[in-house]
Amino acid sequence: MTDPAPSGAPGSPASSTSRATARVERSDDDWRARLSDEEFRIARGGGTERAFTGRYWNHHEPGRYLCVCCGTPLFASGQKYDSGSGWPSWWQPIDDARLARRRDASHGMVRTEVQCAACDAHLGHVFDDGPAPSGLRYCINSASLRFEPEAGPRR
Ligand SMILES: [Zn+2]
């Protein structure tokens, strides 16, 4: 048994001072062990589920949608809407600071990819053809999300 080192030692580097979310970093092997094949392919590999096949595109219960990887609450049922795209869509996230945006020029298009700011999970894309008041459409893969019912058990 060793005594714990005294806490409060000065000089610990504060590299990220005012982030809204703490960073979550794991190896690919670790993520693979925690996710289904489909979740891993999409959330860690930047894949896309086929339209109208995901678990949440036609899902209307009240609650929150958490990052499937790290559990950060990203979207809520109150801002979810039916875009007709076949992917779950929101006009606004719970907190803008929980999302990271990245230019995506793949597939011959220039789009804005949306990632989880905490763990860099690929979520989907944001487009500017959404409804009022934001005019935005967050087009997100179901496989990158895990639904938490409003009255459900807290973890
Ligand atoms: Zn995450």
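Author: Within helix α2, which spans residues 37-44, the buried residues are E39, I42, A43 and R44. Viewed down the axis of α2, these buried residues fall within an arc of 165 degrees, so they line one face of the helix. The arc is that of the directions from the helix axis to the C-beta atoms. A residue is called buried if 20 or more other C-beta atoms lie within 10 Å of its own, exposed if 12 or fewer do, and partly exposed in between, with C-beta atoms placed from the backbone. Helices (H or I, at least four residues) and strands (E, at least two) are DSSP runs, numbered from the N terminus.

The model is a predicted one, in which local features require a pLDDT of at least 70 and side-chain atom pairs count only at pLDDT 80 or more, whereas totals for chains, interfaces and linings use all residues. Residues are numbered from 1 along each chain as its sequence is written. The pLDDT is the predictor's confidence in each residue, from 0 to 100. Its average over the protein chain is 89, and 84% of the residues score at least 70.

What do the buried residues of α2 pack against? Their partners are α1 (28-34) and β7 (122-127). Just after α2, G46 adopts a positive phi of about 75 degrees.

Two strands are taken to pair if DSSP finds at least two bridges between them. Between β7 and strand β6, residues 111-116, there are four bridges in the antiparallel sense. Across this pairing, V114 stands opposite G124 in β7. The loop between β7 and β8 contains D129. With 9 C-beta neighbours inside 10 Å, D129 counts as exposed. From C-alpha to C-alpha, D129 lies 9.5 Å from W91, although 38 residues separate the two in sequence.

A nonpolar core is a set of buried Ala, Val, Leu, Ile, Met, Phe, Trp, Tyr and Cys residues joined through C-beta atoms within 7 Å. The largest such core has 28 residues, and C67, C69, C116 and A121 have the most contacts inside it. Two or more residues of this core come from each of α2, β1, β2, β6, β7 and β8 (137-140). Two residues are in contact if their C-beta atoms, placed from the backbone, lie within 7 Å. Residues up to four places away in sequence aside, C69 touches W31, L35, A43, C116, C119 and A121. Of these, A43 is one of the buried residues of α2.

The hairpin formed by β1 and β2 has five residues between the strands, and G71 in its turn has a positive phi of about 85 degrees.

Where does Y65 lie? Its place is in strand β1. Y65 stands opposite F147 in β9 and opposite F75 in β2. It counts as buried because it has 25 C-beta neighbours inside 10 Å. Apart from neighbours within four places in sequence, the contacts of Y65 are Y56, L74, F75, L145 and F147. The C-alpha atoms of Y65 and F75 are 5.1 Å apart, with a sequence separation of 10 residues.

Taken as a whole, the protein chain has two helices and nine strands. Of its 155 residues, 29% count as buried.
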